[in-house]
Amino acid sequence: MRTVLAALDDTPAAVPVLASARTLATTLGARLVAMHVQTDGVDTPLDLAAAADVPLRIVRGDVVEQLIAGDHNPDVVATVIGARALRRDPRPLGTTAVAVATRTSKPMLVVPPEARLHPRFNRVLVPLEGSVVSSAAPQVLIELAPDVALDIVALHVLGRDTIPAFTDQPQHEQAAWTREFLARYCPWGLDLVHLETRVGHIDELVAEVASEYDCDMVVLGWLQDLTPGRASVVRATLARSTVPIFLIRLPAEPLAAEPDAAERDGAERDGAERGAAERGAAEPDAFPLDAAAPDVIASEGYVAADERSTRGATTEDAYRRAARETGEE
Amino acid sequence: MVTRQDAERATRHRRHECVVFDWSTERAAEAAEVRGLITMLCDHGMDVAVASDAAADSVDAALQARPAGPGNLFLCAGSAVYRADPAGLRLLRQTEHPVPWLLGELSAHGLPAEAVLTIDRADPEPVAAILAEQLRRRADVPVPLPAPEWRVEADARDRRLTRVHESLLTIADGRLGTRGSPVAGDGTTAAEVVMAGVYEGDGEASQLAPLPLWGTLSHAEPKVLVWQTLDLRSGLLVDHGPVAAVRFSSLARPATVVLRASGSPDVLPGSGRQLLPGPATAALADRRDGPVLDRIGSYHTDPAIAAAALADAEEAGFDRLLREHRQAWARRWRHADVVIDGDRHLQQAVRFALFHIMASVGDDDEAAVGARGLSGPAYLGHVFWDSDVFVLPFLAATHPSAARAMLEYRIRRLPAARAAARSLGLDGARFPWESAVAGVDVTPGSVKLPTGDEAVIRTGDLEEHIVADVAWAAACYLDWTGDVAFAAGPGGELLADTARYWASRVRLDEQGRGHIEHVMGPDEYHQPVDDNAYTNVMARWNLRRAAEVPGVAQPERDHWLALADTIVDGYHPQTGRYEQFAGFFDLEPLIIAEPGVAPRRPIAAELLFGVARTARSQVVKQADVLMLHHLVPDETVPGSLEPNLDYYEPRTAHGSSLSPAVHASILARAGRFDDALHWLTVAARMDLDDLSGSTAGGLHLATMGGLWQALAFGFAGLQVRGDRLVVRPSLPPDWRALELNLRFRGAPVRLHLSPAGQVRVDSDSARVQPVGDHWEVVTR
């Protein structure tokens, strides 16, 4: 069953993580499962999951390894993780988020601690850099948009070197250029997305346009490389955005031409296989989502919904308590 | 390396359009069989030529063939060429080289060498067998094999460029345009059929109406890769792939379309007829014979006329329609081709441009020529100055009836233009910046710029130079044709009413100087401005030119001439420069050509620097002052081209697709060949390389017209002066020659120019002579 896996820690940041994960699961038509890797306390995830009526799996071990193992389950279509535990943390991504984000094989929704909570995503910003490869990242979401009443705002930022040669009569040229841009680089979005263009630095403009259009989420394709000098857009958007960022891994090699459907599927498969091969044997096994699975690493047990509900906590309560513990409040 | 086309040319086992064979009267035994085959081949539109050493009478007596056509039977016997038809044997030409002469004639009528199958007497295969094979192949899809300079090819495997290819491969006949979508498309393409002047919607939303499609047979995804070839010489679009097809939009019968396709029976439709309603009705008839489909269609706003035209076309049949279409294109090219000896790539690009201009403009009734012609939905089919100033001159100089049709479009909208002037409290006629059906302004009011800023579009309010531009187009037509009736009638009326507009628009100051304030010139980065040099000088020219119109009352004529003399033009005698508008010289001297200022040119400078800073600077979008040197050089101060070129070109971003060709023209006149060729190449590759990123929405027809002007007015230095055509060649040393085919004052003229400055004319009705520092062509 298609599953969105919410990685909850024992901090207030878990609140928007779970809320965003629920929203994402609703959008994708997937079930939501929460997961917590226990290092010390478990109250926050327990309370949150109970309050939200979400199954929670608690495991022990290395946090990163367990989260990676979790998303290796073939049912998992996306994982959701907090960007960082503390609002005042100057880093766009905390250590755990960085480690998971750069290794996960699944799309990952990164939720900033200050993210607003939405019961559903209404509008999503999809930056397009002007290649078929990059616009493949949000393809599923774009194609899903009409069914879930999702507005997709695409953004292409023109830099000094990519400013068009001609504007002729902009009252006509812009429409012609825009349509061809989408047809060429995001054909699946031709009649489904609204393309905005801006001139400047994309690092700065993604979060700005997301705010301007009141977007609930930003979708970014990336190569899972956060080494210095790479992923500047992801880094800058994570630092500036107050809405969740959906990070989707791109094929490592740019495609020479728009592939047909069969070729595209093949490319994605190849990319996934290549990625798996590159990660090699160091990757942990897939983490089972079902309680009866034989290879559970460690767990306090599968907390049934009815058990959790007896704890009487609400999301708000959990948030307050966690905030007190971490000094955020 | 032998190319695929070379290899195909080499084989005779393909459909040809003409066969030439040696035949001896000694082979009388096969005469009856050959006669029958010749008759049937000619009946299917093939030309047949029989070459023999024997006398024509004896060959004719042995063959006794009298085909009724549409194909012709020629006898090349002895030193003469005859045509044999039901009326008898008629001498066409006495010549020592009858076969070469005939081949030359056939080529001139649309049958190039690769379409001719030549069989010599040493061929071991019996002539009858070869003719029989050709007869069988009349059912094949005809595949023209033009040389690279005469074709455009598109590889359908690069699907990112599908829509660009569809624009590039548009086939049109002046009335109907069909984008070159693959015949077996997959539904992701942007197929479109439009008819000139048939709009839908109102006001700024008015657009060329999409019509029912005819050229797409199936939406099934073809699994085998295809490529497409557009034969520029004869306007044939060929698909190579699992469905092989040839399509054309008949230049001989505008709005009649023809398709022959061959492929798997499950892809091709069966025989049948359709009457597809729309803003123009499409009447289609399919005739299926095994794996071959012939589709013939006609379009008209009146369904009955569409059906009748279809019936006529069906009666003619595929081969006759193909033949007359080829011949129509051959006639057009005969008086329009440009040959650049020394640059094959440029040669191909120029023919590509000329082909599309000719295909986009009809030559009867009225011709509404939108910015992208009939090749795509961009710019909505709206008519700009592009058509008057950039497209029309080529047609005025090669196919005047098409230029006249374009002017007819303006003339029929004079009442709307007069009403527009009246609404502003002015006299005369004010043509709209963007025009569609009614002739009222349909310029959209706003746009969201690529910067994200909402911008009010003021071209419709401010770009008044369109008034003089339309007048200039009328004068251009008059100059090239000497059409007295037009001058005395609607053309004179147009010139007079545009002059009356300026006469009421010019404000005289206390010193008696004339000003035109609050306008926008071609440089749309700066708006509104006062005393734009281009607007003022074009208005001045308009007043002076209208004063020559017969029938204008003397007092009004005198007033125009006096007023013209008062109009300020911003000329500074000390520097030799025109100030583009009042205050331009005081703006920030941002020289965009200087290293580091811009990453490249051409570039949309308002996006690079921002709209506000660009407006505060001296960065220019396109030729503005220099446009005067291009269009009305006699209105500029002698010797002022170079100082203004030196000043303005480095300040020009060339952010309009109209700019490169005009600069190529001016730079050629200045003898600056490196720069001239650079900008000429930009103009030439505009659509072929999709330099704007918007070719998918249609072709840049004005750039194409500008390309011809650069060659004709720039490199050849053509300028009409009265009844003389002045020629001042200025060719780059790498070119071996430039040849222009023209019609001047009704006379067909083939001009040969050399880099050394020599000029030669091939014409029975015109001659050329050196006069001072230039040459002059005069008609006899």
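Predicted model: local features only at pLDDT ≥ 70, side-chain atom pairs only at ≥ 80, totals over all residues.
User: What ground rules apply?

Analyst: Residues are numbered from 1 along each chain as its sequence is written, and chains are lettered from A and ligands numbered from 1 in the order written. Local features need pLDDT of at least 70, side-chain atom pairs count only at pLDDT 80 or more, and totals for chains, interfaces and linings use all residues, while side-chain values use heavy atoms, without hydrogens and water.

User: Why does the radius of gyration of chain B agree with a compact globule?

Analyst: The radius is taken over C-alpha atoms; the globule rule is 2.2 Å times the number of residues to the power 0.38. For 780 residues that rule gives near 28 Å, and chain B has 28 Å, so the two agree. Its C-alpha trace spans about 100 × 60 × 55 Å along the principal axes.

User: Is V100(A) buried or exposed?

Analyst: Buried means under 20% relative accessible area, exposed over 50%, partly exposed in between (1.4 Å probe, protein chains only). V100(A) has 3% relative accessibility, so it counts as buried. In chain B, 62% of the 780 residues count as buried.

User: Which residues does V100(A) contact, beyond neighbours within four places in sequence?

Analyst: Contact means heavy atoms within 4.5 Å. V100(A) is in contact with V64(A), L67(A), I68(A), I81(A) and M108(A), leaving those neighbours aside.
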